[in-house]
Amino acid sequence: MSSASNETARRVAMLRDMARIRAFEREAVAAMRSGEAPGVVHPSIGQEGVAVGVCANLRRADRITSTHRGHGHAIAKGADARAMMLELHGRAGGSCGGKGGSMHIADFAVGMLGANGVVGAGIPIACGAAQAIRLTKEDAIVACFFGDGAVNRGPFLEGMNWAALYRLPVLFVCEDNGFAAFTRNSAVTAGGGPAVRAEACGVPAAAVDGEDVLAVDAVAAELVARIRGGGGPQFLHAKCYRWEGHTGTDAAAYRPAEEAAAARDRDCIRRLAALLDPDEVAAIEAEAAAEMAGHRAAAMAAPWPDAGAAFTDVQDAGAPA
Amino acid sequence: MTRMTFAEAARRALAEEMRRDPLVWALGEDLVQGGIFGQYKGLSEEFGTDRIVSTPISESTIMGAGLGAALCGTRPVVEMRIADFTLCAMDELVSQIAKVRYMFGGQGRAALVVRMPQGMWRNSAAQHSQCLEAWLTHIPGLVVAAPGTPADAAGLLKAAVRSDDPVVLMEPKNLWTAEGEVPAEIAPIPFGVARQAAQGDALTVVTWSAMVPVVEQAARESGVACDVFDLRSLWPWDEAAVIASAQRTARLLVVHEAVTVSGFGAEVVARVVEALGPGGLKAVERLGAPRAPIPFSPPLEDSIRLSPTRVAAAIRRVAG
């Protein structure tokens, strides 16, 4: 293929990933609101460009750690979307057998080391994963996703220093959607922001428009190349916007409607779609919608986990009687 | 058998495990310098600073990095320096390490060891002397071991390194320099198997960790013939041995250094009463610390510390 057609193929693949994430989360939010999916989901709608632009530069052997808002990271890394949907519905055959739910999606087969219900908790885990990769001389890196709220937690400071100190192969990705749960993060964060904090610990930082997937892809490509070349950890500060509330049922009354509307005008999917063949885009979006609707139907048809599963995989020694 | 200190026995066990398995490595503060109790002495020279890693004072990341490293196939030994500092890493231990296998449906395992030397250590005061084993036995997913002899320090450490479960190893700070006989070939000691330190029909005494030598001495000095069990591991623990003994003696004393209120002794007594029925015991007592922080001044500390004399008095009380 020519480099032009290569580039088109890459763009089409990224559009497909973003469309699949959005379709997945549309279904997930609907299932949560209807009560079909128990518990809560934290949608990343509007932020797909960050997950996809970063993961386009990762290989299967690379690992990621994710957050409570992690569906996009998982799908972008190649996780099984059907198993994820079953997991959200608490069904047998889900990614975690119905024992984790949305906040604990993991797919180790593709290097997805788990979403996390604790803000910033993936940062130390990513550092350790990178240390193990080095110790075993594996050819892989780790991408660590976290939100802007995480920069006010202690493990953020510890992890930046740690990764820089040991020059670990970690790409830190701060998905800055502007909100720490219900609070505008700028209202509770002093100083110069995430990138300044990372650089203060010796982790070089780059900023990118997270709503422009091509920009994310380009910057991530450069940072990932540095990491693979032994350049140590890198930090990507990706500005974006969370279209939905903190959870699928949060109406986000704490922010002006115009602000969210403006973000919808910057839609990462539409911005990329504008560069592609409209028919192809429509086909990809229809296919993504059909796939995820199918997964939702499959989830509703799937059996509940066997009751005994509540007592398995606790521990070997001293397991529940 | 060779006579050696608790620290030397633990050091040897870890060195042997690191020679056996190149995926075993250790991380924590001051490890290259040998650790604060000398339990890592010489290991960085033998295994290099990629496997004996001195870290910043970053407890959350020491613990959390151990988890990430375990999820990528290595077997980390996470050193917390002292148990009190684990409180800075409780999310990583309790909500991450203990739960990953379960909440990810068995995809990943936290096969790692968390060493947290605990308990009183001469005049270390309130923030460096706590016994927190009961907190951790309460957490599903964790194995909790608490050796009280050099031989068990070595054997339990080996078992912990080889376990696919996350194992919390609570070594008693006060016993690092205590000496004991250690087998030339250190074998892993299975979790949940108590060591019977003395035999007798008058009562059943259950203890662990730093109280082991205290109780053994007290039992000798009391002149009362008692079954003495060193539990060695607290989850799982040897319920069968303790219940069988208590059924025979009908008298039960549990001795631990930790605060008595909500201590693990409450669990031991409750399980025995459940097994034997409310009328199954003629006498029962828990002997632990008062619900007070550990003071600094030697005479104040001694007022909280359990001595062989105090334990012997309790043995005689329960024996009736």
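Predicted model: local features only at pLDDT ≥ 70, side-chain atom pairs only at ≥ 80, totals over all residues.

Trainee: Which domains does the assignment give chain B?
Mentor: Domain 1 (2-182) and domain 2 (195-319); the bounds come from an automatic or database domain assignment.

Trainee: How many residues of domain 1 of chain B are in contact with domain 2 of chain B?
Mentor: 25 residues of domain 1 of chain B are in contact with 24 residues of domain 2 of chain B. Contact here is C-beta atoms, placed from the backbone, within 7 Å.

Trainee: And which elements give two or more residues to that side of domain 1 of chain B?
Mentor: α6 (133-137), β6 (143-145) and α7 (150-162) of chain B. Helices (H or I, at least four residues) and strands (E, at least two) are DSSP runs, numbered from the N terminus.

Trainee: New topic. Why is strand β11 of chain B largely enclosed?
Mentor: 5 of the 5 residues of β11 (residues 226-230) of chain B are buried, so the rest of the structure largely encloses this strand. A residue is buried if 20 or more other C-beta atoms, placed from the backbone, lie within 10 Å of its own.

Trainee: Which residues sit on each side of β11(B)?
Mentor: Cys226(B), Val228(B) and Asp230(B) are on one side, with Asp227(B) and Phe229(B) on the other.

Trainee: In what sense does β10 of chain B pair with β11(B), parallel or antiparallel?
Mentor: Strand β10 (residues 203-207) of chain B pairs with β11(B) in the parallel sense over 5 bridges; pairing requires at least two DSSP bridges between the strands. Within that pairing, Thr204(B) has Asp227(B) as its bridge partner. By contrast, β9 (residues 195-198) of chain B is antiparallel to β11(B), over 3 bridges, and Ala198(B) stands opposite Val228(B).

Trainee: What about the sheet of 7 strands: what is its order?
Mentor: The sheet is open, with mixed pairing, and its order is β3-β2-β4-β5-β7-β6-β12 (chain B).

Trainee: Why do β3 and β12 of chain B each have one side without a neighbour in the sheet?
Mentor: β3 (52-54) and β12 (233-235) of chain B stand at the edges, and each has a single partner strand, so one side of each is left without a neighbour.

Methods
Residues numbered from 1 in each chain as written. Chains lettered and ligands numbered in written order. Contact = placed C-beta atoms within 7 Å. Buried ≥ 20, exposed ≤ 12 C-beta atoms within 10 Å, placed from the backbone.
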